[in-house]
Amino acid sequence: MSVLIILVIFSLLVAGSFLGAFIWAIRDGQYEDDYSPSVRMLFDSKKTEIKHKSNK
Amino acid sequence: MESIVEQHEVKCYHCGNECESSNIKIDSKIFCCNGCKSVYEILDSNLLCDYYFLDTSNPGNKIEDAGKSKYAFLDEETILTKVLDFQEGNTFGVTFYVPSIHCSSCIWLLENMQKIHPGIITSNVHFRKKEINIQFNKKITLRQLAELLSSLGYAPVINFNGKEINRKTVDKALLYKIGIAGFCFGNIMMLSLPEYLSVSDKFSGDIKGLFIFLSLFLSLPVFIYCASDYFVSSWNAIKTRTVNIDLPIALGIIAAFSQSIYEIYTGKGPGYLDSLSGLVFFLLIGKWYQKKTYEALSFERDYKSYFPLAVTKIENGSERYVTLDKLKAGDTILIRNKEIIPADGYILEGTGVIDYSFVTGESNLTTKETGQKVFAGGRQDGPAVKIITSKVVSESYLTQLWNKDNATDKLNGLVEFTNRIGKYFTVAVLFISLGSYVYWVGKDPGIALHAAVSVLIIFCPCIFALAIPFGFGKAMNILGRNGLFLKNTETIEKLAHNDSIVFDKTGTITTTENPEVSFAGALTNTESGMIKALVKNSTHPLSRSIYNYLKVDTSIKPDSFVEIPSQGIRGMFNNIEVIAGTADIVGVQVNKDTEMVSGSKVYVKINNQVKGYFVFRNSYRKSFEQISGILKKKYTLHLLSGDNDSERSYLSNYFSLSNLHFNQTPQSKLDYIKKLGKNEKVMMIGDGLNDAGALQQSNCGISITENCGNFSPACDAILDASAFSRLPVFLKYAKACVKSVYGSLAISLSYNAIGLYFAVQGLLKPLVAALLMPISSVSVVLFVTIMSGLWAKKYGLR
């Protein structure tokens, strides 16, 4: 049964990394504008790359 | 007639508006004005004409002549630092609010700005907020940048207000909380699974202990961080000796947490950590749903958003830009063409031709001579004038309406209904909890505390914390799609309960589009033809109205013509001089005081003979007759108009005579609402700056606007003018939504009653709590969202 302990801790780590990714996404500002990126990706990309970073 | 019809089909290649003539063109592309043509030229020379093919509707914005010096103040160093986001060496960053961003083409063009000017490094559009973030270097100044945007039809609106409100951090904190609460909730549920399935006894003590320890560990961030808002809010309520709806929530969370710690410590079981974190998760989601706002619209604008950031002050003979807060009474300021007068004052030099449409919603121009008083909010429409200010900006006639304490219900952000019922609810919970403690303490002291705490845990006010955010949040989205934008979800309730509706007249029940034209005097057909041929050459809105009004054939063309901006147009037909324009240019003596009242006039002079004048009246919105009929049955209708009473008899068809009030000043409008508000709930519908005080004073202030990107005064809701006809439907819908929230109250209470049955007996098992609480939350949420959707369908809302 002690394998359960390892599995539980492992599952927590996996879930935790998803939480980490979510927090990263929020910090990066991905939830601030949910419209422009969806049209931006359809434009022909001749232009210089635009960094999607919130200004601070 | 044929030729006229054809001409109307010609649409501007850039902005899609009708062209009066096909004179302005480049390679078979026709433009309505030189502004649109020059935008096309800029785009064409930079190979950016993809702009016109990205979005099938017309992407271009009509170019408005803003006057050359509109952004001149951006050269001033002190103002520069206020507007810029950052400055690192030669790189500058700035964020502009651009109301005219409206489609994907806009994003594309604005993000390709670096192709137009080498000084621009990158630009990034935030579509929802209608903001553009630009990084640039010293090759372009901030002023040139603003002027470039403006010349492309994306005039930035600059004020300091946007910087003061920082919504970003607030929203982010809530998202973090939801993420963490969801993570902890899910994992605690998983760890509690053996408990739910009653198989935990088969596990060894070590594993059981680890599961419980991990659950406790995971619940800590939920309790300390995610639920912190509820503790803070209820603590604030206790400090002011009031009861708010967060109080029973906070009590329940604390009770559940301490009971769990106690049970874990004494080895009784795993406690209520799963239901606790689940509850917090649901509550936070409700909060997030409720927080959805129309970021691009501002409901909290005060006078500062209407006025420029800075004005030209004349000091010791030299001109200097100063910010408005530095302007004192007695300063001499220079107001150029198209600039707004920021403070009350007197004209020192020059002739003021002042457009108060910002203030009154009327498009009439008032002429003021040297020494006459001018009010803040007017826009000069002519050559520059010097003005001596008589008051500081914040004490001017209009602005002082804001500085008065009109905030009747703004202090407490909670819905009235929640407050009313919530108080009883909280008191009842505390009472039952205490009662069960007192009941048990004599019989079985061991159960007494458990029973009291169980009551607090189970009796969580889901109805208030979930039904309102989800039910009203959905309704708010639906209304927004249909053209009524609400400040927050609480506005739904304000919409639903009103006894009277007060309308403003100009701009609210009348529209500035398609004014009614009539001619006072007599014209022959030839004369009409000449006038029509003449005004065809002018893009002024009044000229266009005259052109549409005159139903004659225009085969003739003027031999020569000259347009005098904001004065009129003069042309020659076979040595016959035709002038159409203001009284001044035609040479008619008019009494300036009475001239203003009856609408705009355009005088006509042919061969040195004044033939008469055109009068323009704002026409009533077509749907007003219909909706006033519907609204009259349920509400008392009132009308407050700043105009004279010339239309009293017409309006008495819709309003009872005692409720018709003319010649109202902004202050008397406010007072009227205040007086009415003493006995009943009043909804005010207005548009201009002159209604702003009344809108704030009313229970529910709706500001009506032709263009949602435009400024509208501080209010509870913004109504798109095109949706005006559906106002009665919106009100009915709001009422229905309030009803469905009442319905969910019944559902929620029945769950609470079941839980209470167990709780008062001290029989509340963690499993029961863990089942009952999510089921009740989810069913309440489902009920209200489905009901809001169903009502919308019934009333034909999208």
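Two strands pair if DSSP finds at least two bridges between them. The exercises below apply to a predicted model.

**Exercise 1.** Determine which strands pair with β17(B), residues 500-504, and whether its faces are covered or open.

*Solution.* Begin with the bridges. Five of them join β17(B) to β24 (residues 636-640) of chain B, and these strands run parallel. Within this pairing, B:Ser500 stands opposite B:Thr636. A further four bridges link β17(B) to β26 (residues 682-686) of chain B, again in parallel; there, B:Met683 is the bridge partner of B:Ile501.

Next, consider the faces. In a regular strand, side chains alternate between the two faces of the sheet. On one side of β17(B) are B:Ser500, B:Val502 and B:Asp504, on the other B:Ile501 and B:Phe503, and all are buried.

**Exercise 2.** Classify the relative orientation of helices α17(B) and α29(B), and describe their contact.

*Solution.* The axes of α17 (residues 445-458) and α29 (residues 727-760) of chain B come within 8 Å and cross at roughly 165°. Because angles over 145 degrees count as roughly antiparallel, α17(B) is roughly antiparallel to α29(B). The crossing is right-handed. To the contact, α17(B) contributes B:Ala451, B:Ser454, B:Val455 and B:Ile458, while α29(B) contributes B:Asn752, B:Gly755, B:Leu756, B:Ala759 and B:Val760. These residues comprise six nonpolar, three polar and no charged.

**Exercise 3.** Identify which element gives the largest share of the side of chain B that touches chain A.

*Solution.* In this interface, 26 residues of chain B are in contact with 20 residues of chain A. The elements of chain B giving two or more residues to its side are α5, β5, α8 and α9. The largest share, eight residues, comes from α8(B).

Definitions and conventions:
Residues are numbered from 1 along each chain as its sequence is written. Chains are lettered from A and ligands numbered from 1 in the order in which they are written. This is a predicted model: local features need pLDDT of at least 70, side-chain atom pairs count only at pLDDT 80 or more; totals for chains, interfaces and linings use all residues. Two residues are in contact if their C-beta atoms, placed from the backbone, lie within 7 Å. Axes are lines fitted to C-alpha atoms, for helices over the stretch in contact, and angles run from 0 to 180 degrees between N-to-C directions. Angles under 35 degrees count as roughly parallel, over 145 as roughly antiparallel, 65 to 115 as roughly perpendicular and the rest as oblique. A crossing is left-handed if the near helix is turned anticlockwise from the far one by less than a right angle, and right-handed if clockwise. Ala, Val, Leu, Ile, Met, Phe, Trp, Tyr, Cys and Pro count as nonpolar, Asp, Glu, Lys and Arg as charged, and the others, Gly among them, as polar. A residue is buried if 20 or more other C-beta atoms lie within 10 Å of its own, exposed if 12 or fewer, and partly exposed in between; C-beta atoms are placed from the backbone.
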